[in-house]
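Colleague: I am new to this one, and I would like to learn how to read it. Could you take me through it step by step?

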Amino acid sequence: MAMASSLNNTKFPLPINDVEQQQQQQQVVVVDDDGIDYSKRAQWLRAAVLGANDGLVSTASLMMGVGAVKQDVKAMILTGFAGMVAGACSMAIGEFVSVYSQLDIEVSQIKRNKQKGGEIEEEIEKENLPSPIQAAAASALAFSVGAMVPLLAASFIREYRARLGAVVAAVTLALMLFGWLGAVLGKAPVVKSSARVLVGGLLAMAITFGLTKLIGSRAL
C-alpha cells in the first residue's frame with residue numbers, strides 16, 4: 001500500500017514539442033536588479049540606434065559624395081534632403097513589412113494555442129503583439145533624426161572647405177553620441193561600442209567621397 005501511495009503522489013513531466021519549448025524559451029526575459037527588462041529595451045534600442053545611425057551615415061555620405069564634385073551648397077542640401085526622405089520611406093516600408101510578417105506568425109501561433117484551450121495565455125500574448133505601424137513610424141523618425149545632423153551642419157556655411165569640415169565634425173560628434181547612448185542604455189562596453197560606430201561611419205563617408213571624387217574627375 002505504501003508503494004502504491006508513493007506512485008500516486010509522484011509527478012511525471014509531460015513531454016513537450018519543439019514549438020512549446022521555443023515559446024518557453026522566448027518567454028524568458030532578462031530583468032536587472034532595478035526591475036528593468038533589458039531584453040525588451042534592447043529590441044527598441046537596436047531599431048532606434050540603427051535607424052538614426054543609418055540616417056546619419058547615409059545622408060552624410062551622399063552629401064560628401066556630391067561635395068566631392070560640386071561646391072554648390074544648394075546641391076549638397078538638396079541631395080541630403082532627397083536622401084533623408086527616400087531613406088526614411090525605405091526604412092518605414094521595410095520595417096512595416098518585416099514586423100507584419102512577424103505579426104502574422106505570432107497570430108497563427110495564438111490561434112493554435114487557442115485550439116488547445118489556452119484562452120488565458122491568448123489574451124496575454126495578444127497584448128504583446130508587435131505593431132507594424134508603430135515600428136514603421138519609429139524607424140522613419142529615427143532615420144530622419146540622424147539625417148538632420150549633416151543637413152543642419154551644412155545649411156548655414158557657404159564656404160566650401162568649411163562646409164565639408166562642419167559636416168565631418170558634426171557627424172563625428174553624432175556618431176560618438178549614438179555609440180555612447182546605445183552602450184549606456186544597453187549596458188554594453190562604452191568605448192568599444194562608440195569606437196565601432198565612429199570608425200564605421202567615417203569609413204563610409206571617406207569611401208564615398210574618394211570614389212566620387214575619382215569618378216567625377218575622370219568622367220565630368
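Modeller: Gladly! Let us start with burial: a residue is called buried under 20% relative accessible area, exposed over 50%, and partly exposed in between, using a 1.4 Å probe and protein chains only. This is a predicted model, where local features need pLDDT of at least 70, side-chain atom pairs count only at pLDDT 80 or more, and totals for chains, interfaces and linings use all residues. Residues are numbered from 1 along each chain as its sequence is written, and side-chain values use heavy atoms, leaving out hydrogens and water.

Colleague: Is Ser194 buried or exposed?

Modeller: Ser194 has a relative accessible area of 13%, so Ser194 is buried. By contrast, Val191 is exposed, because its relative accessible area is 68%. Across the protein, buried residues make up 31% of the 220 residues.

Colleague: Where does Ser194 lie?

Modeller: Helices (H or I, at least four residues) and strands (E, at least two) are DSSP runs, numbered from the N terminus. Ser194 belongs to helix H8, residues 190-219, and Val191 is in helix H8 too. The protein has 8 helices and 0 strands.

Colleague: Which residues is Ser194 in contact with?

Modeller: Contact means heavy atoms within 4.5 Å. Setting aside neighbours within four places in sequence, Ser194 is in contact with Met176, Gly179 and Trp180.

Colleague: How should I read a nonpolar core?

Modeller: A nonpolar core is a set of buried Ala, Val, Leu, Ile, Met, Phe, Trp, Tyr and Cys residues joined through side-chain atoms within 4.5 Å. Here the largest one has 23 residues, of which Leu56, Val171 and Leu175 touch the most other members. At least two residues of this core come from each of helix H3 (38-69), helix H4 (73-115), helix H6 (132-155), H7 and H8. Another core, of 5 residues, lies apart from it, and includes Ala88, Ala92, Ala140 and Phe143.

Colleague: Which residues make the nonpolar surface patch?

Modeller: Patches are made of residues with over 30% relative accessible area and no salt bridge; like charges are joined within 9 Å, and nonpolar side chains (Val, Leu, Ile, Met, Phe, Trp, Tyr) within 5 Å. A salt bridge is a side-chain nitrogen of Lys or Arg within 4 Å of a carboxyl oxygen of Asp or Glu. Areas come from the Shrake-Rupley method with a 1.4 Å probe; for residues, only the protein chains shown count as cover. Leu177, Trp180, Leu181, Val184, Leu185, Val190 and Val191 make a nonpolar patch of about 590 Å². Helix H7 (160-186) and H8 each give two or more residues to the patch, with the largest share, 5 residues, coming from H7.
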